[in-house]
There are 6 protein chains.
Amino acid sequence: MPYVNIKITREGATREQKAALIRGVTDLLQTELGKNPQTTVVVIDEVDTDNWGIGGESVTIRRQLGG
Amino acid sequence: MPYVNIKITREGATREQKAALIRGVTDLLQTELGKNPQTTVVVIDEVDTDNWGIGGESVTIRRQLGG
Amino acid sequence: MPYVNIKITREGATREQKAALIRGVTDLLQTELGKNPQTTVVVIDEVDTDNWGIGGESVTIRRQLGG
Amino acid sequence: MPYVNIKITREGATREQKAALIRGVTDLLQTELGKNPQTTVVVIDEVDTDNWGIGGESVTIRRQLGG
Amino acid sequence: MPYVNIKITREGATREQKAALIRGVTDLLQTELGKNPQTTVVVIDEVDTDNWGIGGESVTIRRQLGG
Amino acid sequence: MPYVNIKITREGATREQKAALIRGVTDLLQTELGKNPQTTVVVIDEVDTDNWGIGGESVTIRRQLGG
């Protein structure tokens with residue numbers, strides 16, 4: 001019955017990559033905590049790089065600076 | 001003063017349906033807990049079916065399989 | 001399959017009141033959007049009044065001021 | 001190491017305004033709590049006015065009514 | 001730089017189990033999406049069974065009913 | 001009308017420090033985006049160091065290692 005929210009920057013993750021995340025995190029919760037995979041919910045949010053900040057700067061700017 | 005976040009798959013909910021959700025959940029919090037509706041905030045997130053997983057699979061794939 | 005997160009201040013909501021919220025919001029999503037109640041997940045967070053702010057002040061202080 | 005999520009209605013916030021939010025909230029956490037800005041993460045969500053409710057109504061409708 | 005929030009019911013997960021979740025989901029994001037593990041943040045929320053609902057009922061009640 | 005959620009590790013932030021965060025982030029949203037402070041909501045979550053991971057390890061372990 002776990003609920004998992006994964007936030008990543010929107011930079012072209014494919015449908016297959018997102019399916020692998022969903023599968024992997026569901027398996028992990030079953031393996032480590034015995035959680036029933038049938039009721040594990042995973043929601044992936046892809047966030048524009050203008051809207052994600054770390055170190056006081058947006059990822060857009062960090063990428064321009066080579067960060 | 002409650003804050004409610006409702007996440008649903010993005011599958012064509014209309015403006016009217018979303019208004020009914022906002023109204024309904026605000027009323028519910030007033031009826032059950034006496035919360036002032038004027039300061040109840042509701043945010044609805046609509047999530048692509050590729051980005052929503054249950055049972056280890058994305059909703060996109062479950063829909064293709066008839067799930 | 002919806003996921004709903006309800007945040008309220010921690011001020012003595014009873015088990016019965018929280019059960020009523022869970023039931024009510026699950027019913028609402030079925031009535032308004034046709035969502036299957038069996039897979040609707042509701043998580044209620046109760047937040048200390050020191051940790052909830054509105055209008056630039058914590059709820060603790062607003063309550064002291066009669067707000 | 002804080003994580004901050006800011007939700008605002010989608011009404012034309014510019015890249016520069018969002019950068020100022022990221023900078024400001026990161027500085028605030030350093031000033032008030034001594035948090036290392038290098039590991040402070042800020043995520044801004046811009047939400048359609050149809051999907052944001054307050055007082056039991058969507059912001060779309062409140063704006064039409066002059067609210 | 002991903003941010004992952006895992007919500008589970010509060011039912012005695014150990015420090016070691018939570019460490020395994022943190023490690024596992026960080027590895028998964030590196031393997032599947034190439035994300036730098038040094039900046040992947042994972043937050044685990046443990047939620048009382050009174051405060052978690054599925055199928056319109058709290059987990060407390062479902063456990064009593066053998067669900 | 002913004003909603004801000006601040007997550008920090010639970011390490012003794014005082015009521016006064018949390019009030020300063022609430023005030024500061026509310027002011028910031030008014031200054032940078034013109035948001036009405038009366039309807040800005042701020043929720044602070046304090047998370048146990050066992051439940052917060054970065055770099056694949058819990059903060060508890062990082063602190064033990066001098067990180």
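Lys18(C) and Glu46(C) form a salt bridge, with their closest N and O atoms 2.8 Å apart. A salt bridge here is a side-chain nitrogen of Lys or Arg within 4 Å of a carboxyl oxygen of Asp or Glu. Lys18(C) sits in helix H1 (residues 15-33) of chain C and Glu46(C) in strand S2 (residues 41-47) of chain C, so the pair ties together parts 28 residues apart in sequence.

This is a predicted model: local features need pLDDT of at least 70, side-chain atom pairs count only at pLDDT 80 or more, and totals for chains, interfaces and linings use all residues. Residues are numbered from 1 along each chain as its sequence is written, chains are lettered from A and ligands numbered from 1 in the order in which they are written, and side-chain values use heavy atoms, leaving out hydrogens and water.

**Salt bridges within a chain**

- Both Lys18(C) and Glu46(C) are buried. Buried means under 20% relative accessible area, exposed over 50%, and partly exposed in between (1.4 Å probe, protein chains only).
- In chain B, the side chains of Glu46(B) and Lys18(B) meet in a salt bridge (2.9 Å, N to O). Glu46(B) lies in strand S2 (residues 41-47) and Lys18(B) in helix H1 of that chain, so this pair ties together parts that are 28 residues apart in sequence.
- Glu46(B) counts as buried at 15% relative accessibility. Lys18(B) counts as buried at 8%.

**A salt bridge between chains**

- Asp50(D) and Arg15(B) pair through their side chains in a salt bridge (3.0 Å, N to O). Asp50(D) lies in the loop between S2 and strand S3 (52-54) of chain D, and Arg15(B) in helix H1 (residues 15-33) of chain B, so the pair joins two chains.
- Asp50(D) is buried at 16% relative accessibility. Arg15(B) is partly exposed at 43%.
- Over all chains, the structure holds 36 salt bridges.

**Helix H1 of chain D**

- Helices (H or I, at least four residues) and strands (E, at least two) are DSSP runs, numbered from the N terminus.
- The 19 residues of H1 (residues 15-33) of chain D should span 27 Å at 1.5 Å a residue, and the end C-alpha atoms are 27 Å apart, which agrees. The expected span is 1.5 Å times one less than the number of residues.
- Buried residues of H1(D) include Lys18(D), Leu21(D), Ile22(D), Gly24(D) and Val25(D).
- Their cover includes strands S3 (52-54) and S4 (57-58) of chain A, strands S1 (3-9) and S2 (41-47) of chain D, and strand S1 (3-9) and helix H1 (15-33) of chain F.
- Just after H1(D), Gly34(D) takes a positive phi of about 70°.

Technical notes:
Contact = heavy atoms within 4.5 Å.
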